[in-house]
Amino acid sequence: MDGRRAALRVPGVLDVQIEAKVGDQVPELLSSAHRSGHLLAWGATPTDAESAARKAAGEIRITAG
C-alpha cells in the first residue's frame with residue numbers, strides 16, 4: 001500500500017491511517033471492525049469535506065497478489 005503521504009497533502013485532510021501491512025489477509029468488510037484504515041477530512045461544507053476525502057482516497061494504492 002502506498003499513497004499515504006500524497007493523501008495527507010490534500011487540502012482538508014487531517015489524518016490517514018492504513019492498518020493493513022504487506023502480506024496481511026484482509027477480511028471481507030462486514031463491519032467497521034474489519035476496516036483496513038481510515039481517512040479523516042474536513043471542509044467549510046459537507047460537500048467540501050467529501051471532496052477532500054474522495055481526492056485523498058484516490059491517492060491510496062492497495063495492490064493485491
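## A short tour of a predicted α-β-β-α chain

The chain holds two helices and two strands. Their order along the sequence is α-β-β-α. Please keep in mind that this is a predicted model.

**Overall picture**

- The chain has 65 residues, and 20% of them count as buried.
- Along its principal axes, the C-alpha trace spans about 40 × 25 × 15 Å.
- Taking the contacts with a separation of 6 or more, 48% are between residues 24 or more positions apart.

- Helix 2 covers residues 46–57, which makes 12 residues.
- Which residues of helix 2 are buried? They are Ala49, Ala52 and Ala56.
- Looking down the axis of helix 2, these buried residues fall within an arc of 65°, so they line one face of the helix.
- What do the buried residues of helix 2 pack against? Their partners are helix 1 (4–8), strand 1 and strand 2.

**Ala52, a buried residue of helix 2**

- Ala52 sits in helix 2, and its relative accessibility is 7%; a residue is buried when this value is under 20%, so Ala52 counts as buried.
- Beyond its neighbours within four places in sequence, Ala52 is in contact with Val10, Pro11, Gly12, Val13, Ala41 and Trp42.
- Ala52 and Ala7 lie 45 residues apart in sequence, yet their C-alpha atoms are 9.2 Å apart in space.

**The largest nonpolar core**

- Nine residues make up the largest nonpolar core: Ala7, Val10, Val13, Val16, Ile18, Ala41, Ala52, Ala56 and Ile60.
- Strand 1 and helix 2 are the elements that give two or more residues to this core.
- Which element provides the largest share of the core? That is strand 1, with three residues.

**The largest pocket**

- The largest pocket contains about 350 Å³ of space.
- Its lining consists of 16 residues, and those nearest the pocket centre are Gln17, Ser36, Gly37, His38 and Ile62.
- Strand 1 and strand 2 each supply at least two residues of this lining.

**Gly37, one of the residues nearest the pocket centre**

- Gly37 belongs to strand 2, and with 26% relative accessibility, Gly37 counts as partly exposed.
- Leaving out residues up to four places away in sequence, Gly37 touches Gln17, Ile18 and Glu19.
- Gly37 and Ser51 are 14 residues apart along the chain, and 19 Å separates their C-alpha atoms.

**Val22, in the loop between the strands**

- Val22 is located in the loop that runs between strand 1 (13–18) and strand 2 (37–41).
- Is Val22 buried or exposed? Its relative accessibility is 82%, and exposed residues are those over 50%, so Val22 counts as exposed.
- From Val22 to Thr63 the C-alpha separation is 9.1 Å, while the two residues are 41 residues apart along the chain.

**Asp2, in the segment before helix 1**

- Asp2 is placed in the segment before helix 1.
- Which residues is Asp2 in contact with, leaving aside its neighbours within four places in sequence? The contacts are Glu59, Ile60 and Arg61. Of these, Ile60 is also part of the largest nonpolar core.
- Asp2 and Leu40 are 38 residues apart in sequence, and 17 Å apart in space from C-alpha to C-alpha.

Key: Residues are numbered from 1 along each chain as its sequence is written. This is a predicted model: local features need pLDDT of at least 70, side-chain atom pairs count only at pLDDT 80 or more; totals for chains, interfaces and linings use all residues. Side-chain values use heavy atoms; hydrogens and water are left out. Helices (H or I, at least four residues) and strands (E, at least two) are DSSP runs, numbered from the N terminus. Buried means under 20% relative accessible area, exposed over 50%, partly exposed in between (1.4 Å probe, protein chains only). The expected span of a helix is 1.5 Å times one less than its number of residues. The arc is that of the directions from the helix axis to the C-beta atoms. Contact means heavy atoms within 4.5 Å. A nonpolar core is a set of buried Ala, Val, Leu, Ile, Met, Phe, Trp, Tyr and Cys residues joined through side-chain atoms within 4.5 Å. On a 1 Å grid over the protein atoms alone, a cavity is a set of points where a 1.4 Å probe fits but cannot get out, and a pocket is an open set with protein on both sides within 12 Å along at least five of seven lines; lining residues have an atom within 4 Å of a point. Grid points are joined across faces, edges and corners, and a volume is the space filled by probe spheres set on the points.
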